[in-house]
Amino acid sequence: MGQPEKDHRGVVDTATMEIVVAALFFAFAAVVMFDSYRLGAAWGSDGPEPGYFPFYTGLIIAIASVVLLVQGVRLCRQPRAAFVERGQFKDVLVVLLPALGYVLAIEFVGIYLASACYIAVFMVFLGHYTWKRGVTVGVSVGLFAFVLFERWFSIPLPKGFIERALGF
Amino acid sequence: MDELQSLMHGFAVALTLQNVLLMFLGIVLGVLIGVLPGLGGANGIAILLPLTFTMSPTSAIIMLSCIYWGALFGGAITSILFNIPGEPWSVATTFDGHPMAQQGRAGEALTAAFTGSFIGAFFAVVMITFLAPLVAEFALKFGPPEYFAVYLLAFCSFVGMGKGSPWKTIAAMMLGFGLAAVGMDTVTGQLRLTFGSTELLRGVDFLVVVIGLFGIGEILLTMEEGLEFKGRSAKINARVVFQTWAQLPKFWATSLRACLIGCWMGVTPGGATPASFMSYGVAKQISKNGHNFGKGEMEGVVAPETAAHAAGTAALLPMLALGIPGSPTAAVLLGGLLIWGLQPGPLLFVEQKDFVWGLIASMYLGNIVGLIVVLTTVPLFAAILRIPFSIIAPVIIVVCAIGAYTVNNAMLDVWLMMLFGVVGYVFKKLDYPMAPMVLALVLGDRAEDSFRQSMLMSQGSVSILWSNWLVGGISTAALLLLLWPFISALRERRRRVVL
């Protein structure tokens with residue numbers, strides 16, 4: 001992780017990110033206001049309609065996002081600062097993408113097998129451990145979680161074909 | 001002295017063998033959470049909350065609040081030994097704590113930090129014992145407008161006292177309210193923002209958001225910083241502890257100031273992090289050793305730790321007495337109360353005496369247990385930190401995924417957790433505050449209910465928020481706090497023009 005030869009070029013600068021986030025806030029506000037308006041955001045016969053409170057919530061977000069957007073655009077004129085450097089971004093993706101793959105795997109093979117594989121793969125490819133150690137740690141964590149949740153807490157977690165084959 | 005009698009009763013409730021064991025378990029888990037990057041008080045409790053559903057509420061809250069104390073203690077260990085704040089509120093502890101460790105005085109620094117924490121927490125618990133029942137009694141007279149005004153005050157104070165851009169605070173906070181609106185409207189039964197999805201009927205659970213923002217987001221940030229743990233070893237033995245304790249009384253003034261700052265910042269939703277910085281800053285200015293701060297001055301460890309713990313503990317006062325949490329962690333505990341079927345707020349002191357006083361008594365006991373545990377187990381936790389990040393990171397992500405899934409037994413929540421992980425990462429980098437967002441998400445429905453009821457009372461006129469001196473005073477204070485950043489910006493600009 002802490003290699004000295006990191007790539008320091010920026011992926012995207014902070015001003016652009018500020019603008020993107022402000023725009024996303026505005027989009028969220030628009031969705032909230034639209035849906036609240038659909039439900040009725042006015043004063044009904046029996047008091048405030050269901051969209052009354054969320055509508056104004058959305059309105060305030062919209063106002064704030066416009067201000068932040070303008071501030072973001074102004075920031076563009078100043079010297080650019082990197083939001084994230086390439087080397088850093090790579091490190092983040094290296095964690096984020098396998099984590100997304102892990103969540104996807106839970107859908108198909110259940111949480112225990114997915115966890116064991118995820119930990120093993122992470123340790124081998126990112127921590128440069130041997131497969132033997134990676135698999136040992138991964139399987140132990142998986143088994144421990146299985147005993148903990150299925151046996152002690154009786155909380156059902158997503159299961160896959162292995163658990164089914166074993167009769168759980 | 002009704003409170004003392006109630007407190008004694010509380011001790012009787014809290015002091016069962018099972019509860020004391022849960023206290024130890026909670027503290028150890030809490031220190032572990034506080035030490036590990038990516039797990040903190042708020043999301044650690046969020047992950048463990050579903051596991052407590054089968055316990056009695058009193059035992060559950062005793063364990064969860066002990067996790068909270070443990071996390072508060074744990075943050076100091078990483079700050080001092082590794083120069084890595086395990087929690088945001090222990091950033092200020094690194095300033096003098098780590099230099100002390102480099103000089104080979106890690107044991108002294110840790111003892112000073114833990115003892116300071118203990119004193120801060122103890123001070124705050126005493127305050128809660130005597131003040132909370134009074135506040136609750138006062139709040140029993142509150143109607144919907146008063147409640148809404150108090151919510152308004154809590155949220156406006158985030159804007160007024162936050163350090164960053166007020167617009168970002170407003171945007172993040174309102175995002176929380178917007179997310180809280182997802183799902184079935186409790187009053188009319190209408191579906192809001194679900195867009196035909198049955199999965200979204202449940203709404204967006206704040207526990208999932210907390211786990212994503214603080215858990216996954218933190219892991220991503222840690223990765224980016226390319227953390228390597230290069231720690232100092234720590235030995236704490238009885239001699240060091242007693243030597244340090246002998247030195248501590250001369251910092252009584254600093255400690256007292258830190259306690260007061262902490263309690264104030266904790267009750268108002270400033271929280272532990274600003275409290276620790278403020279206390280450090282004040283101590284640096286007032287102390288005659290101030291010029292040595294940053295070079296390994298024990299007073300510089302005592303000041304922020306005492307304040308952080310006092311604030312962390314005091315944050316439970318408004319949660320218990322008013323149902324308004326003073327920090328994200330208190331918000332998660334409040335969410336727990338709701339799930340256990342307890343209505344947080346002043347009625348709790350009337351209807352659930354066992355629960356409230358059991359909890360308050362457990363705060364005294366939990367902190368004593370905490371002090372003992374941390375003083376004896378530091379080497380163990382320091383060893384855990386030496387486990388490489390490439391093992392800890394995937395395990396923490398697995399723990400977070402399990403935690404998010406167990407909230408509602410839904411895969412959608414695990415995906416939402418990942419989404420909020422990315423949101424947390426971006427927010428942190430762009431300085432959007434997360435505490436107001438979490439609080440808005442937790443309190444959204446209640447704030448909306450009190451607003452609707454107030455509006456019904458007044459037939460839609462906002463003037464009800466100024467209908468008597470009490471509600472008017474709170475509302476006015478809220479608006480002043482809301483406008484404060486803009487007023488001070490205007491004054492700043494005018495001053496610049498004059499110059």
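Tutor: The account below begins with the chain as a whole, then turns to the core and to one helix.

The model is a predicted one. Chain B folds into 21 helices and two strands. Its C-alpha atoms occupy a box of roughly 70 × 60 × 50 Å along the principal axes. For 499 residues a compact globule would have a radius of gyration near 23 Å, and the 22 Å of chain B agrees with this. Of these residues, 63% count as buried. Where contacts in chain B join residues at least 6 apart in sequence, 79% of them link residues at least 24 apart.

The largest nonpolar core holds 230 residues, and the members that touch the most others are B:Val210, B:Ala401, B:Met417 and B:Val438. Helix H6 of chain B (residues 106-139) supplies the largest share of this core, 18 residues. Chain A takes part as well: its domain 1 (10-84) and domain 2 (110-165) both give residues to the core, which therefore lies between them. Contacts of B:Ala401 beyond four places in sequence reach both chains, with A:Val103, A:Ile106 and A:Ile111 on one side of the list and B:Val414 and B:Met417 on the other.

Helix H11 (residues 252-267) has 16 residues and spans 22 Å from first to last C-alpha, close to the 22 Å expected at 1.5 Å a residue. Among its buried residues are B:Arg257, B:Cys259, B:Ile261, B:Cys263 and B:Met265.

Note on methods: Residues are numbered from 1 along each chain as its sequence is written. Chains are lettered from A and ligands numbered from 1 in the order in which they are written. This is a predicted model: local features need pLDDT of at least 70, side-chain atom pairs count only at pLDDT 80 or more; totals for chains, interfaces and linings use all residues. Helices (H or I, at least four residues) and strands (E, at least two) are DSSP runs, numbered from the N terminus. The radius of gyration is taken over C-alpha atoms; the globule rule is 2.2 Å times the number of residues to the power 0.38. A residue is buried if 20 or more other C-beta atoms lie within 10 Å of its own, exposed if 12 or fewer, and partly exposed in between; C-beta atoms are placed from the backbone. Two residues are in contact if their C-beta atoms, placed from the backbone, lie within 7 Å. A nonpolar core is a set of buried Ala, Val, Leu, Ile, Met, Phe, Trp, Tyr and Cys residues joined through C-beta atoms within 7 Å. Domain bounds come from an automatic or database domain assignment. The expected span of a helix is 1.5 Å times one less than its number of residues.
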